[in-house]
Amino acid sequence: MAEEKVAKKPLPDVTPVNQPFWDGAKASKLMMQKCTNCSTWVFPPRPVCGDCASEKLDWVQVSGTGKVFCFTIIREVVGTALRGFAPDIPYVTAWVDLDDGPRLCSNVIGCPVEQVKIDMPVVTVFEDSGDGITLPKFKPA
Amino acid sequence: MSIRGKAAIVGIGETPTDRLGGKPGEPRKSTAEYLAWAARLAIEDAGLTKKDFDGQGLAAIYTTNHSQPFWPEEVAAILGITPGVSLAGGNGGASSVSLLGHAAAAITAGLCDLVLVIAAAAPFSERGGHRGAHGDTRDFEMPFGVMGPNCKISFVMSRYMHESGMTDEHFGKVAVTGRYHASLNPNAYLRKPITIDDYKKSRMISDPIRLFDCVMPANGGKAYIMTSAERAKTMKKPPVYLLGWGECNNASYGPRYRANPLITGITQSGERAFKMSGVAHKDIRCLNLYDDYIPVVMIQIEDLGFCRRNDKAFFEKTDFTFKGDLPIQTSGGMINCGQPSTTGGMLHVIETVRQIRGEAGDRQVPNIKFGISTGVGAVNYGKNFGCTAAAILGSQS
Ligand SMILES: [Zn+2]
C-alpha cells in the first residue's frame, strides 16, 4: 500500500452517544453530559451514568474555562497511527479540569510549549479539523 | 472460609523473551508456540506431566492479538489438554496476580487440585493482526495526539512530580536499581548496567516520560502451576504459598469524572492482601511490582504503605537492591525483561517464587520468607489503572 503524502490525523467516530459533544463543538459550544439522577458529570460520553447506572443523562453547556491538571510535551511519534502529528512536534496534550465541569484531555495551544504549567488557567478554542470535526482545544486564559 | 495458605505455587515456566519476527528473515514464533513452550517448562518444573491436567484447572490470560471470547478453550486445544475447570484472565497486566486468588479459590473449594495459569504473546511475529483503537482512546485521545500509554502515564508522572517534588534523581535511582538486578538475571533482556546520568540522558519521548522509564514490548510465554497445600508438600520443588490476595477494579479516588491519579487500586488490593496474610510490612523482603513505567513502581510503593505519600526522603535513603533495606524489582522488572503483552505481569509472580525458593542466583535476597507481587492493567481516560491485584507469597503456610 502506498504511503499517503501527508498523513492524516485520526478523527473520532461520531456515535449516537457522543454526537451532542461533537455537534456542540461545531457550534463553538462545549457540551457535557450530566446525570439528572445523581448530578455527577459523565465524560467521556456514556449511555448510562458511571456512578449510579441511571440512563437519565442530560447535555449541558459548560463555560469552557478551566485549569491544567497535568500535561505532557510530546517529543516523539510512537507507532504509525498518529504519524500525522509529526509536523506538530513538540506539542502539549493536557488534562484540563473545567471550572464548571469534568476533566477532559485536549491540547494546549497558542503559547510556546515551555510556557505551559500545571494549574495554569485556560479557555476553550474551537479548531476546525477541515474534515467535518471541530476539536475543542485550550489556550492560556 | 479463607484461601490463606490453602494453595501453593509448585511450578514456574518462563521462555526467553525476544523481539524477533518483525524484520524479513528473522525467525518467527507464534503465540501458540510460546504457550506450549511455557507450559512444558512449568510442568517439568513441577515434576508433572501434561496428562495430569486433564480434568483439572486451566487459566488462560487474554492477550492482545487473541481476545476472542473462547480463548481459554483455544489454549486448551493448543496445549492438548481437557480441563475440568476453565478460568480466564481478563484483567490485562493484572491477570497473573488476579488468577492467583481465583485459582486458589477453585482449589480450596475442591473444584480441582491443579491449576495451570498461562499466558503468551508474540507481538513481533504476529504483527500482521490489526488491532484498531476503540472507544475513549479512538474518540477522545487520539484526535488530540495522545501517543498511547507513554503519554497516558506521562500525565500521571507530571502530576506526581508536581505534588511530590520527585525529580530525575528519584526516578533514575529506581531505573538504575532495576537494571542492576537485570544485570544479575540471566533471563533479562537489557543487562548492561546504567547510571543515573545515563537515565537523565535517555531521550524524552513524552515529557516527562523518558526512554528509560518505559517498558519494552517483546515476544514470550510464561506459566505457573498451583495446587493444594497438602499436595504441594509432596511435590518436587519447595511450595510457595499464597498467603494474602486482593484485587480491585474500577477504583476511583475522588469523583470518577476527576479522580486523583496518584492513588491506584493497589491501595485496596494491597490492604486486602496484607489483612488476609497477617504478614507485617517489615517481614516482606521482596517487592515485585508491575512496572510498565518507573513512576508506576514508585506510586505502588506508596499505595502499599511502605512509605508515606510523596515521601521523597524515603526514596532517597532506601537501598532498593537485593541486599538492601527493601529489595524491589529483583528480576529487573518488565522494563528490563520485556513485556509480551498481558504475559508480562507474570514475571513478578515468577520472580517472587524464585526468591522464596532460593533460586534467584546472583540476585538472591538473603533470609527471605515473604514477598509481594502486584499487577495492573488498562490505563483509563483521565485516571490511572482500571485493573489492579496484589498477592503476598511465603515459604510457610
Ligand atoms: Zn448518576
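Predicted model: local features only at pLDDT ≥ 70, side-chain atom pairs only at ≥ 80, totals over all residues.
**Chains A and B: interface, domains and local geometry**

Trainee: What pattern does chain A follow when read along the sequence?

Mentor: The C-alpha trace of chain A spans about 50 × 40 × 25 Å along its principal axes, and the chain holds one helix and eight strands. Read in sequence order, the pattern is α-β-β-β-β-β-β-β-β.

Trainee: Which strands of chain A stand at the edges of the open sheet, and why is one side of each left without a neighbour?

Mentor: Three strands form this open sheet, in the order β2-β1-β3 of chain A and with antiparallel pairing. Each edge strand has a single partner strand, so one side of it has no neighbour in the sheet, and the strands in question are β2 (41-42) and β3 of chain A.

Trainee: Which residue in β2(A) does A:Q33 stand opposite?

Mentor: The strands β1(A) and β2(A) run antiparallel and are joined by two bridges. In β2(A), the residue that stands opposite A:Q33 is A:V42.

Trainee: How many residues does the contact take from domain 1 and from domain 2 of chain A?

Mentor: The domain assignment divides chain A into domain 1 (16-62) and domain 2 (63-141), and the centres of the two, taken over C-alpha atoms, are separated by 21 Å. The contact between them draws twelve residues from domain 1 and 15 residues from domain 2.

Trainee: Which three residues supply 44% of the area that domain 1 of chain A buries against domain 2 of chain A?

Mentor: Between them, the two domains of chain A bury about 1100 Å², and carbon and sulfur atoms carry 76% of that area. The 44% supplied on the side of domain 1 exceeds what any other three residues give, and it comes from A:W22, A:L30 and A:V62.

Trainee: Which element gives the largest share of the side of domain 1 of chain A that touches domain 2 of chain A?

Mentor: Across this domain interface the count of salt bridges is zero, while two residue pairs are in polar contact, both residues of each pair being at pLDDT 80 or more. The elements of chain A that each supply at least two residues to this side of domain 1 are α1 (19-26), β1 (30-35) and β3 (57-62). The largest share amounts to four residues and comes from α1(A).

Trainee: Turning to the two chains, which three residues supply 22% of the area that chain B buries against chain A?

Mentor: In this interface 32 residues of chain B are in contact with 47 residues of chain A, and the area buried between the chains is about 3500 Å², with 61% of it given by carbon and sulfur atoms. The three residues that supply 22% of the area buried by chain B, which is more than any other three, are B:F144, B:M147 and B:Y257.

Trainee: How many nonpolar, polar and charged residues does the side of chain B that touches chain A have?

Mentor: Between the chains there are seven salt bridges, and the side chains of A:D97 and B:R258 meet in a salt bridge with an N to O distance of 3.7 Å. Polar contacts across this interface number 25 residue pairs, both residues at pLDDT 80 or more; on the side of chain B, the elements giving two or more residues are α4 (135-141), α5 (148-164) and β5 (204-207). The largest share, eight residues, comes from α5(B). By class, that side of chain B has 16 nonpolar, seven polar and nine charged residues.

Trainee: Which residue in β5(B) is the bridge partner of A:I74?

Mentor: Strand β4 (residues 65-74) of chain A pairs with β5(B) in the antiparallel sense, over two bridges. Within β5(B), the bridge partner of A:I74 is B:S206.

Methods: Residues numbered from 1 in each chain as written. Chains lettered and ligands numbered in written order. Heavy atoms only, no water. Contact = heavy atoms within 4.5 Å. Buried area = accessible area lost by both parts, 1.4 Å probe. Salt bridge = Lys/Arg side-chain N within 4 Å of Asp/Glu carboxyl O. Polar contact = N/O pair within 3.5 Å; in protein donor to acceptor, adjacent residues only side chain to side chain. Nonpolar A, V, L, I, M, F, W, Y, C, P; charged D, E, K, R; others polar. Pairing = 2+ DSSP bridges. Domains from an automatic or database assignment.
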